[in-house]
Amino acid sequence: MEERTILLLQGALTLLNIVAVCLISGFIYNTTEVIRHNYKARVFLDYVEKVPHNPAESFYLCILLMGALAVSFVVRNRIRKTYSKVVVGTLFFDILVTLAVIWILDFNYNGLLLLVFAEILYYVSNRRIKIVLVAFAVMGFIVTNYDFLSLNLSLYNVKDYIGYYSGNVQQYLMSIYNILFSLGIILFIIYCIFVINSQSNTIEEVNRLYHELQSANEQLREYADMSEQMAKTKERNRLAREIHDTLGHTLTGITAGLDACITTIDISPAQTKEQLRLLTQVSRDGINEVRRSVSELSPDTIERLHLDAAIRKMITDMSCVSGAEILFETNEKQLSFDEDEENAIYRIIQESITNALRHGKASKIRIEMEKVDGEIRLTIRDNGVGCKEIKSGFGIKHIQERAEMLHGRVTFDGREGFTVFAIIPIRWGEKYD
């Protein structure tokens with residue numbers, strides 16, 4: 001009777017984990033499709049650390065691996081009394097499958113390891129093999145904890161996807177998510193009680209395992225506090241990058257304008273006065289945009305104007321204060337894209353102009369934008385001093401990050417002046433074609 005109960009609990013624990021993995025991977029996949037369908041990628045990417053590379057592939061791979069885990073469970077129960085070595089082999093197989101699934105889910109669910117613990121306690125009778133397997137599983141449970149790993153790795157978080165939905169839906173989803181974890185722990189505890197009653201010689205090992213898990217739990221609490229501090233630091237760095245674009249661009253324009261004032265002040269005081277008036281307006285606009293960046297991390301100019309008008313205003317302002325000739329050409333009549341795409345295009349052009357004036361000492365900048373096969377191709381050339389060796393400074397790194405966020409790419413050429421070539425995939429809809 002006890003043996004049958006243990007097998008039923010094993011089956012229930014296996015089924016629960018299969019359901020949990022399929023629900024979590026399916027939820028990530030479905031939510032990703034909803035975000036893409038509603039064109040909300042820009043808003044979503046603003047507050048998440050990472051997104052899965054291919055949610056559909058992860059979902060189907062999880063289903064395949066959990067099917068293999070179910071087959072392993074059935075095979076093991078049929079041969080356990082005849083082929084003990086094969087049983088140990090299937091347990092190692094389960095460990096590998098479990099770690100693979102946890103890896104695919106970016107460590108958002110490691111309850112599968114409780115299933116491995118349970119199977120090891122029941123099937124393995126050899127004390128040395130059991131200790132090795134349990135130690136391996138315990139170590140896996142500790143190192144696969146999401147809060148611990150997210151300190152050093154860039155991982156996506158299931159809770160970020162839950163946060164995409166409205167308040168009531170979030171409550172239901174969080175309840176389901178927490179219930180899956182709680183049921184797994186409850187079934188594991190009940191299972192351990194039955195196994196302990198049937199195999200009294202495992203009591204000492206279970207107690208040791210319990211204390212190790214308690215100790216690990218305390219450590220994970222400390223790691224969680226560290227994770228919160230790390231998150232604050234990352235947010236500060238992201239804010240610094242946003243402010244760098246606006247502040248660097250504004251200060252470069254003011255510097256160039258003041259140099260022009262020094263040249264003209266003795267020749268034409270009236271022209272100098274007009275130049276200073278322009279510099280005053282540019283500095284005020286820069287202050288307002290920095291404030292806007294701090295509050296919403298989005299360029300204020302784009303919010304007030306369409307992308308085409310925002311780019312042309314920026315070019316006009318910089319041309320006036322710096323004296324450089326800045327030309328902008330595009331074959332696209334209506335520059336109207338999603339918010340994240342417009343923000344990336346604007347920032348790349350802004351940073352390229354700033355670098356051309358500040359570091360390249362350019363007097364002429366040519367910006368070309370064209371639509372080719374569902375992509376925006378940006379080419380920004382200047383006649384500045386150029387550079388033989390391109391160093392990845394803050395500005396260049398930020399341009400690359402902007403493009404990579406939208407799965408684009410950027411190349412640089414400093415042989416004749418300096419050239420920035422960026423390709424940005426665009427989600428072209430009916431209103432854009």
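These are legends for a handful of close-up views of a predicted model.

**View 1. Helix α13 with its buried face.** Helix α13 runs over residues 307-322. The helix has 16 residues, which should span 22 Å at 1.5 Å a residue, and the end C-alpha atoms agree, sitting 22 Å apart. Which residues of α13 are buried? They are Leu307, Ala310, Ile311, Met314, Ile315, Met318, Val321 and Ser322. Look down the axis of α13 and these buried residues fall within an arc of 145°, so they line one face of the helix. Just past the end of α13 comes Gly323, with a positive phi of about 80°.

**View 2. Helix α13 packed with helix α14.** The partner in this view, α14, covers residues 339-358. The axes of α13 and α14 are 10 Å apart and meet at an angle of about 15°. Angles under 35 degrees count as roughly parallel, so that is the label for α13 relative to α14. As for handedness, the crossing of α13 and α14 is right-handed.

**View 3. Two salt bridges between residues close in number.** One of them joins Glu375 to Arg377, with 3.4 Å between the closest N and O atoms. Glu375 is the buried end, with a relative accessible area of 16%, while Arg377 is partly exposed at 25%. The other brings together the side chains of Arg415 and Asp413, at 2.8 Å from N to O. Is Arg415 buried or exposed? Arg415 counts as exposed, at 73% relative accessibility, whereas Asp413 is partly exposed at 26%.

**View 4. A salt-bridge network.** Four residues take part here: Glu329, Arg366, Glu368 and Arg381 are linked by salt bridges into a network. For context, a search of the whole structure turns up 10 salt bridges.

View 5. Helix α5 takes in residues 112-123. How far does α5 reach from its first C-alpha to its last? The distance is 17 Å, close to the 16 Å expected for its 12 residues at 1.5 Å a residue. As for burial, 12 of the 12 residues of α5 are buried. Among them are the leucines Leu112, Leu113, Leu114, Leu115 and Leu121, along with Val116, Phe117, Ala118 and Ile120. Glu119 is on the buried list too, as are Tyr122 and Tyr123.

**View 6. Ile6 and Tyr191, a pair from separate parts of the sequence.** Ile6 belongs to helix α1, residues 2-37. At 1% relative accessibility, Ile6 counts as buried. Where does Tyr191 come in? In sequence Tyr191 is 185 residues away from Ile6, yet in space their C-alpha atoms are 6.5 Å apart.

How values were computed
Residues are numbered from 1 along each chain as its sequence is written. This is a predicted model: local features need pLDDT of at least 70, side-chain atom pairs count only at pLDDT 80 or more; totals for chains, interfaces and linings use all residues. Side-chain values use heavy atoms; hydrogens and water are left out. Helices (H or I, at least four residues) and strands (E, at least two) are DSSP runs, numbered from the N terminus. Buried means under 20% relative accessible area, exposed over 50%, partly exposed in between (1.4 Å probe, protein chains only). The expected span of a helix is 1.5 Å times one less than its number of residues. The arc is that of the directions from the helix axis to the C-beta atoms. Axes are lines fitted to C-alpha atoms, for helices over the stretch in contact, and angles run from 0 to 180 degrees between N-to-C directions. Angles under 35 degrees count as roughly parallel, over 145 as roughly antiparallel, 65 to 115 as roughly perpendicular and the rest as oblique. A crossing is left-handed if the near helix is turned anticlockwise from the far one by less than a right angle, and right-handed if clockwise.
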